[in-house]
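Let's take a walk through a protein model together. Keep the sequence and the 3D view side by side as you read.

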Amino acid sequence: MTEQSLTAAAAEAGWSAVRLDLAGVRGKSAFMDRCASALALPDWFGRNWDALADSLTDSPALTGGTGGRLLLVTGWQDFARAAPREWHTAQEIFGEAARQDGALTVVLALGPA
């Protein structure tokens, strides 16, 4: 399934969908900046792992749908290679947020790296 067809299917089902593009990200600071931007997080977002964990279930960008919520993570391979420990932590946070909030689905796109 392509990124476009996935987001179209989510919209058709009444889901809100956000694309988190991590292409070119090579460190935690840039990762947090991309999250803040994509998820429309407030200026006071702490840009740390705990703040991200808290924000994933309250993201303004992921509200408004009548169904679930989709976070589509693309271009993550650069970050995974450059900062494997931070990428591992990010994956744990995505997974825990999805487990705690049954309406949130996080998809890691496996497209070109």
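## A bridge in the sheet

Start with leucine 70: its bridge partner in β3 is threonine 105. Strand β2 (residues 69-74) and β3 pair in the parallel sense over 5 bridges, and two strands count as paired here if DSSP finds at least two bridges between them. Helices (H or I, at least four residues) and strands (E, at least two) are DSSP runs, numbered from the N terminus.

Now zoom out a bit. An open sheet is formed by 3 strands in the order β1-β2-β3, with parallel pairing. β1 (16-21) and β3 stand at the edges with a single partner strand each, so one side of each has no neighbour in the sheet. From one strand to the next, the twist averages 20°. Helix α5 packs on this sheet, touching β1, β2 and β3, and its direction makes about 150° with that of β3. For such angles, axes are lines fitted to C-alpha atoms (for helices, over the stretch in contact), and the angles run from 0 to 180 degrees between N-to-C directions.

## Where the model comes from

This is a predicted model: local features need pLDDT of at least 70 and side-chain atom pairs count only at pLDDT 80 or more, while totals for chains, interfaces and linings use all residues. Residues are numbered from 1 along each chain as its sequence is written, and side-chain values use heavy atoms, with hydrogens and water left out.

## The whole chain

The protein chain has 5 helices and 3 strands. Reading from the N terminus, the elements run α-β-α-α-β-α-α-β. The radius of gyration (taken over C-alpha atoms) is 13 Å, close to the 13 Å that the globule rule gives for 113 residues, so the chain is as compact as a globular protein of that length. That rule is 2.2 Å times the number of residues to the power 0.38.

Of the 113 residues, 37% count as buried. Buried means under 20% relative accessible area, exposed means over 50%, and partly exposed is in between (1.4 Å probe, protein chains only).

Which helix holds tryptophan 49? Tryptophan 49 is in helix α3 (residues 49-56), and it is buried, with a relative accessible area of 16%. Leaving out residues up to four places away in sequence, tryptophan 49 touches several others, including Phe31, Met32 and Ala90; contact means heavy atoms within 4.5 Å. Tryptophan 49 and alanine 90 are 41 residues apart in sequence but 7.8 Å apart in space, C-alpha to C-alpha.

Aspartate 101 sits in the loop between α5 (84-100) and β3 (104-108). Aspartate 101 is also buried, at 15% relative accessible area. Neighbours within four places aside, aspartate 101 is in contact with Thr57 and Arg69.

## Rings that meet

A pair of aromatic rings is described by the distance of the centres and the angle of the planes. Rings of Phe, Tyr and Trp (its six-membered ring) pair if their centres lie within 6.5 Å; planes under 30 degrees apart count as stacked, over 60 as edge-to-face and the rest as tilted. There are 6 aromatic pairs in the structure. Phenylalanine 31 and phenylalanine 94 make a tilted one, at 6.4 Å centre to centre and 55° between the planes. This pair links distant parts of the chain: phenylalanine 31 is in helix α2 (residues 28-38) and phenylalanine 94 in helix α5, 63 residues apart. Both phenylalanine 31 and phenylalanine 94 are buried.

Phenylalanine 79 and tryptophan 87 form an edge-to-face pair, 6.0 Å centre to centre with 75° between the planes. Ring pairs link Phe31, Trp49, Trp76, Phe79, Trp87 and Phe94 into a cluster.
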